[in-house]
Amino acid sequence: MKKMLVVYYSWSNGNTKRIAEQLTNGTGADIARIETTEPYSGSHEDVVGQGKREVEAGFMPQINPISVNLADYDVIAIGA
């Protein structure tokens, strides 16, 4: 059987987190969360606006290392 990892990013830990958890529960996969080194803050509208500006500028925020070795997995599902 292939070893699976679900990696997700969720600013609010809402729907994306719940879907990632459901996927791991249904498949037996491991799970890891992507976190930015500088957390986003403000209202939902503030964060969405900041994200749009960053995408348009080609900015990629720094992220913390995840706690697993990706080479240990055959399948990696990514959600955001």
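User: Before we get going, what counts as a helix or a strand here?
Analyst: Helices, of at least four residues, and strands, of at least two, are DSSP runs, and they are numbered from the N terminus. Please keep in mind that this is a predicted model.

User: How many of the contacts join residues at least 24 apart?
Analyst: If we take the contacts in the chain between residues at least 6 apart in sequence, 72% of them join residues at least 24 apart.

User: Let's look at H2. Why does its span agree with what a helix should give?
Analyst: Helix H2 covers residues 44-57, which is 14 residues, and at 1.5 Å a residue these should span 20 Å; the end C-alpha atoms are 20 Å apart, so the two values agree.

User: Which of its residues are buried?
Analyst: The buried residues of H2 are Val47, Gly49 and Glu54. Seen down the axis of H2, they fall within an arc of 160 degrees, so they line one face of the helix.

User: What about the other side of H2?
Analyst: On the other side of H2 you find Glu45, Lys52, Val55 and Glu56, which are exposed.

User: What follows H2, and what follows H1?
Analyst: H2 is followed by Gly58, whose phi is positive, near 75 degrees, while H1 is followed by Gly28, whose phi is also positive, near 80 degrees.

User: How far does H1 reach?
Analyst: H1 has 13 residues and reaches 18 Å from its first C-alpha to its last, which is close to the 18 Å expected at 1.5 Å a residue.

User: New topic: where is Ser10, and is it buried or exposed?
Analyst: Ser10 is in the loop between strand S1 (4-8) and helix H1 (15-27). Its relative accessibility is 4%, and because buried means under 20%, Ser10 counts as buried.

User: What does it touch?
Analyst: Not counting residues up to four places away in sequence, Ser10 touches Thr16, Lys17 and Arg33. A polar atom of the Ser10 side chain also lies 3.4 Å from the backbone nitrogen of Gly14.

User: Thr16 came up there, so where does it lie and what does it touch?
Analyst: Thr16 lies in helix H1 and is partly exposed, with a relative accessible area of 21%. Leaving out residues up to four places away in sequence, Thr16 touches Tyr8, Tyr9, Ser10, Gly79 and Ala80.

User: And Ala80, buried or exposed?
Analyst: Ala80 is found in the segment after strand S3 (75-79), and at 84% relative accessibility it counts as exposed. With residues up to four places away in sequence left out, Ala80 touches Tyr9 and Thr16.

User: What separates Ala80 and Lys3?
Analyst: The C-alpha atoms of Ala80 and Lys3 are separated by 21 Å, and these residues are 77 residues apart along the chain.

User: Last one: which ring does the charged end of Lys3 sit over, and how many aromatic pairs are there?
Analyst: The charged end of Lys3 sits over the ring of Tyr73, 5.0 Å from its centre. As for aromatic pairs, the structure holds zero.

Notes. Residues numbered from 1 in each chain as written. Predicted model: local features only at pLDDT ≥ 70, side-chain atom pairs only at ≥ 80, totals over all residues. Heavy atoms only, no water. Expected span 1.5 Å × (residues − 1). Buried < 20%, exposed > 50% of the residue type's maximum accessible area, 1.4 Å probe, protein only. Arc of directions from axis to C-beta. Phe/Tyr/Trp six-rings, centres within 6.5 Å; stacked < 30°, edge-to-face > 60°. Lys NZ or Arg CZ within 6 Å of the ring centre and 35° of its normal. Polar contact = N/O pair within 3.5 Å; in protein donor to acceptor, adjacent residues only side chain to side chain. Contact = heavy atoms within 4.5 Å.
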